[in-house]
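Please have the sequence and the coordinates at hand while reading.

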Amino acid sequence: MNTYARLVKHRLFWPAAALVLLLLGNFVASPRFFAVQFREGHLYGSLIDILRFGAPLILVALGMTLVIATGGIDLSVGSVVAISGAVACLWVSRLGDQNSLGGTLGAVGIAIALSLLLGACNGFLVSVLGVQPIVGTLILMVAGRGLAQLITDGQIITITGTHYRDIGGGFVATVPLSILIALAAFGISSLAVRKSALGMLIEAVGGNPEASRLAGVASRRLIWLTYVFCGLCAGVAGLMISSNVSSADGNNAGLWIELDAILAVVIGGTRLTGGRFSFGGTVIGALLIQTLSTTVYTLGIPPETTLLFKAVVVLAVCLVQSPQFRRKFARRSRRSVPVVKDEKVEVTL
Amino acid sequence: MLNRKWAAGVVVGVGALLLSACGSSSGSGSGSGSGGGAISLGFAQVGAESGWRTANTKSIQDSAKSAGIELKFSDAQQKQENQIKAIRSYIQQKVKVIAFSPVVESGWDTVLKEAKTANIPVVLTDRAIDSPDKTLYKTFLGSDFVKEGQKAGQWLTKEYASAPGDVNIVELQGTTGSAPANDRKKGFGDVIAADPKFKIVASQTGDFTRAKGKEVMEAFLKSQSKIDVLYAHNDDMALGAIEAIEGAGKVPGKDIKIVSVDGVHDALQALVDGKINHVVECNPLLGPQLMDLVKKVSAGQDVPARIETTETEFDQAAAKTALPQRQY
């Protein structure tokens, strides 16, 4: 009973439960859902799809988590996704030999350098010039989409290079490379923030920027760093998305991914006002969103009602996450149960 | 002079969104002031959302130049209010004819009445509007999306005329609620309904993009035990789905036959390679037809209320001949 209570009180319990429930629902609707088989020399199955198509969102959401932890927000990630994919595909398409490994790495390098630069621009606006994050990153969100369209000339750039294609569509030891990249990003960033003081400092800045500055935390530099990291994550996600379809679409790549990423962060239990954050929660949130899409396809929910279905599920997840809601609900159903004093988790829709 | 300043103000007002459009509007603005005698045409484009649209814009700009028509061009970035602003500015500038591709179907009555009061004829291109007052515009020039869906359905019924068993079809729809998605679905559905062996076993939106087309097709391949045919509302979704089909160890064009709509360069290439079986054209190059209409309308001649763009269909042989000149 004690371990059960502790499990339920864990702040990742409710999002994880929702994810499991959703997966089980799919299993009931389509018994082959959990089947993972080998096909064409690689893993093949719905679960693999969820991970593979969810990988870019996981990356973007990881970057977003740190930005939100400092009390900021980055709306420009979708545009960075588009720009990164566009630049890389343009570069590869201009190569004499699209299959050259050196040329492909060059394209990846340029795209990542540009993403870092764009992240640094956001960070500069927010941390040095003191522009509100939502306004500062809105500039790049709007202008960046135009920039991506300029790079692609409004067309879809199609490429044939096999190395570039491997980033989002390739396999290493039968496992999709995109899943491994997302896993590596999660592992490295988790180690970086939790095995050093970095995570604590970021939470301190998010909790109370003025107090942490007075305590000697270099909050300005720290905030700047989170935007650069967010840009990097979005850039890699952009490479993945464009590589997965071997083409760059300046108009549609990464469109609205910023909203999905923010949602993933919120479902994962990180507060939009800054402070405590959880990479693990973010990954669960991102997987939940991707599973939701797959559920829509598996159950054959008509496109006209898809958005409503998603909204209802997300609302349900957010409600059960809210301690106030659970307390009210529990009181109504079982009056005798003592009210558990929960840590305060605010849910923002 | 004041007018041009004001127009420049509108362009700035519409804002940073127009980065891509600025390139095009500066090109058309160079038609030196109010050209004496030349017909002036104000064109309010939807945006630059796809390769198809870019080809559409380029066709209009090029044919205006060669027809000697002074083109004032604006890009609405998919927003109705931007298009209304652009149309109002054309009315102020007293252009001879206004043409536009409406972002959405309704909400145009007020601004079109203003144009009517100013005696400026309006031509709709590519997309229609939904208004009880048919006098608000002179004519509509564009594709018949229902017919495109019917053509795809007719190809399918012919292809499977002698097939004995059920034919399982999966459908990738366009953006939910958009006119091309609604009409292509309807046209196709009407034709195949004649024979009960044709079954649409799954139908989802792929938002007209390659990435979504691939993602949805991956899910179809897992949830459906047998898929014979893929019908995609545009080429890009079909191209994305091809990658998913190949990833599942099946051969696109053989194991799963594919029919799609549009006729962009990459799709014709896939058709030549045998990965797509049939493409129904949706022609964006309506510039020459539009300029013709503009001349007639400004001369006060009568024009039909609805004019369809000339469109064809591609099989493998036709694709081979068309591919080298395909600009988009």
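In which hand of crossing, left-handed or right-handed, does H3(A) pass H12(A)? In this predicted model, the crossing of H3(A) past H12(A) is right-handed.

**Helix packing in chain A**

Helix H3 (residues 46-69) of chain A packs against helix H12 (residues 257-267) of chain A at an angle of about 65 degrees, and the two axes are 8 Å apart. H3(A) is therefore roughly perpendicular to H12(A). On the H3(A) side the contact is made by Leu57(A), Val60(A), Ala61(A), Met64(A), Thr65(A) and Ile68(A). H12(A) contributes Ile257(A), Glu258(A), Asp260(A), Ala261(A), Ile262(A), Ala264(A) and Val265(A). By class, ten residues of this contact are nonpolar, one is polar and two are charged.

A second pair consists of helix H4 (residues 77-94) of chain A and helix H5 (residues 101-128) of chain A, whose axes come within 8 Å and cross at roughly 150 degrees. Because angles over 145 degrees count as roughly antiparallel, H4(A) and H5(A) are assigned to that class. The crossing of H4(A) past H5(A) is right-handed. Residues of H4(A) in this contact include Val80(A), Ile83(A), Val87(A) and Trp91(A), while those of H5(A) include Gly103(A), Gly106(A), Ile110(A) and Leu114(A). The contact of H4(A) with H5(A) comprises eleven nonpolar and four polar residues, with no charged residue.

**The interface between chains A and B**

The contact between the chains draws 39 residues from chain A and 36 residues from chain B. Together the two chains bury about 3,100 Å², of which 51% lies on carbon and sulfur atoms. Tyr44(A), Tyr297(A) and Pro303(A) account for 22% of the area that chain A buries against chain B, more than any other three residues.

**Salt bridges**

Over all chains the structure holds 25 salt bridges, and three salt bridges are counted between chain A and chain B. Two individual salt bridges are listed below.

| Asp49(A) | Lys222(B) | 2.6 Å |

The salt bridge of Asp49(A) with Lys222(B) joins residues of chain A and chain B.

How values were computed:
Residues are numbered from 1 along each chain as its sequence is written. Chains are lettered from A and ligands numbered from 1 in the order in which they are written. This is a predicted model: local features need pLDDT of at least 70, side-chain atom pairs count only at pLDDT 80 or more; totals for chains, interfaces and linings use all residues. Side-chain values use heavy atoms; hydrogens and water are left out. Axes are lines fitted to C-alpha atoms, for helices over the stretch in contact, and angles run from 0 to 180 degrees between N-to-C directions. Helices (H or I, at least four residues) and strands (E, at least two) are DSSP runs, numbered from the N terminus. Angles under 35 degrees count as roughly parallel, over 145 as roughly antiparallel, 65 to 115 as roughly perpendicular and the rest as oblique. A crossing is left-handed if the near helix is turned anticlockwise from the far one by less than a right angle, and right-handed if clockwise. Contact means heavy atoms within 4.5 Å. Ala, Val, Leu, Ile, Met, Phe, Trp, Tyr, Cys and Pro count as nonpolar, Asp, Glu, Lys and Arg as charged, and the others, Gly among them, as polar. Buried area is the accessible area (1.4 Å probe) that two parts lose on being put together, summed over both. A salt bridge is a side-chain nitrogen of Lys or Arg within 4 Å of a carboxyl oxygen of Asp or Glu.
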